[in-house]
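User: I have a model open and would like to go through some of its residues and contacts with you. Shall we begin?

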Amino acid sequence: YAASIAYFASLGFGFIAVELSLLQHLTLLIGHPIFTLSVLLFTLLASGGIGSAISARVPMRTACLAVAVIGVVEALLLPRLVPALLPLSFTGRVLMAALFIAPLGVLMGMPFPRGLQRTGQGALPAPPFYWGLNGILSVIGSVATVFVALLGGFQLAMLVGCGCYVLAAAASTRAFTAQ
């Protein structure tokens, strides 16, 4: 039970931390916050939907660890790579932003629906409990991400989000092994 709470809480916190960090990194690339938010949300939702559709083929632990690995790589590379991409046309910069977002979106779209499929069985509460928990941690995570970014920058905030996915991977093994 405790591991399932840690799993869904980590997903809520980690998702928003990665999303807000990407928003900050890619705003410089695209050039305007509204355009960046549009590209980010569209790409995350579309690719997350694809991830959700194929989530049965990928173990939860693998998806969470892959998010962490790609997130760490992007956290380290984006601050150096974005300035080099600024000479591209607007369309080129938008396509590059989507290229950075889509792999994370596909992978981040996998763990939540896979976890929900396993709730409501045995000692685990029904799915609405976990929806609520995930939502609450997304709100807390958005505020915490801003504080982390103010203290250590958005690169650190992205790394914290990736750490949440590592925690979710560990919790998935414990929470859903009997399933």
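User: Where does Ser55 lie?

Analyst: Ser55 lies in the loop between H2 and H3. Helices here are DSSP runs (H or I, at least four residues), while strands are E runs of at least two, and both are numbered from the N terminus. Please note that this is a predicted model, in which local features need pLDDT of at least 70 and side-chain atom pairs count only at pLDDT 80 or more, whereas totals for chains, interfaces and linings use all residues. Residues are numbered from 1 along each chain as its sequence is written, and side-chain values use heavy atoms, with hydrogens and water left out.

User: Is Ser55 buried or exposed?

Analyst: Ser55 counts as buried, at 2% relative accessibility. Buried means under 20% relative accessible area, exposed means over 50%, and partly exposed is in between (1.4 Å probe, protein chains only).

User: And what does Ser55 touch?

Analyst: Not counting residues up to four places away in sequence, Ser55 touches Met110, Pro113 and Arg114. Contact means heavy atoms within 4.5 Å.

User: Changing topic: how many disulfides does the structure hold?

Analyst: The structure holds 0 disulfides, a disulfide being a pair of cysteine sulfur atoms within 2.5 Å. The sulfur of Cys64 has its closest cysteine sulfur in Cys164, 11 Å away, which is too far for a bond. Cys164 is in no disulfide either, and its nearest cysteine sulfur, that of Cys162, is 9.0 Å away.

User: Which helix holds Cys164, and what is it in contact with?

Analyst: Cys164 lies in helix H7, residues 154-175. Cys164 is buried, with a relative accessible area of 12%. Its contacts, leaving aside neighbours within four places in sequence, are Ser10, Phe13 and Gly14. Cys164 and Phe15 are 149 residues apart in sequence, yet their C-alpha atoms are 8.5 Å apart in space.

User: What about Cys162: buried or exposed?

Analyst: Cys162 is buried, with a relative accessible area of 1%, and lies in helix H7. Not counting residues up to four places away in sequence, Cys162 touches Val18, Val67, Ala68, Gly71 and Val72. The C-alpha atoms of Cys162 and Ala68 are separated by 4.4 Å, although the two residues are 94 apart along the chain.

User: On to the rings. How many aromatic pairs are there?

Analyst: The structure holds 6 aromatic pairs. Rings of Phe, Tyr and Trp (its six-membered ring) pair if their centres lie within 6.5 Å; planes under 30 degrees apart count as stacked, over 60 as edge-to-face and the rest as tilted. The rings of Tyr7 and Phe8 have centres 5.1 Å apart and planes at 90°, so this pair is edge-to-face. Phe35 and Phe90 also form an edge-to-face pair, at 5.7 Å centre to centre with 65° between the planes.

User: Why does the pair of Phe35 and Phe90 tie together parts that are apart in sequence?

Analyst: Phe35 lies in helix H2 (residues 33-53) and Phe90 in helix H4 (residues 90-108), so the pair ties together parts that are 55 residues apart in sequence. Phe35 counts as partly exposed, at 45% relative accessibility, and Phe90 counts as partly exposed at 40%.

User: At what angle do H2 and H4 pack?

Analyst: H2 and H4 pack at an angle of about 35°, with their axes 8 Å apart. Axes are lines fitted to C-alpha atoms, for helices over the stretch in contact, and angles run from 0 to 180 degrees between N-to-C directions. Residues making the contact include Phe35, Val39 and Leu40 of H2, and Phe90, Val94 and Ala97 of H4.

User: Finally, which residues of the largest nonpolar core touch the most other members?

Analyst: Of its 45 residues, these are Tyr7, Phe8, Leu22, Leu26 and Tyr165. A nonpolar core is a set of buried Ala, Val, Leu, Ile, Met, Phe, Trp, Tyr and Cys residues joined through side-chain atoms within 4.5 Å. The largest share of this core, 11 residues, comes from H1. Leaving aside its neighbours within four places in sequence, Leu26 is in contact with Thr36, Leu78, Ala97, Phe100 and Ile101.

User: Are Tyr7 and Phe8 buried or exposed?

Analyst: Tyr7 counts as buried, at 0% relative accessibility, and Phe8 counts as buried, also at 0%.
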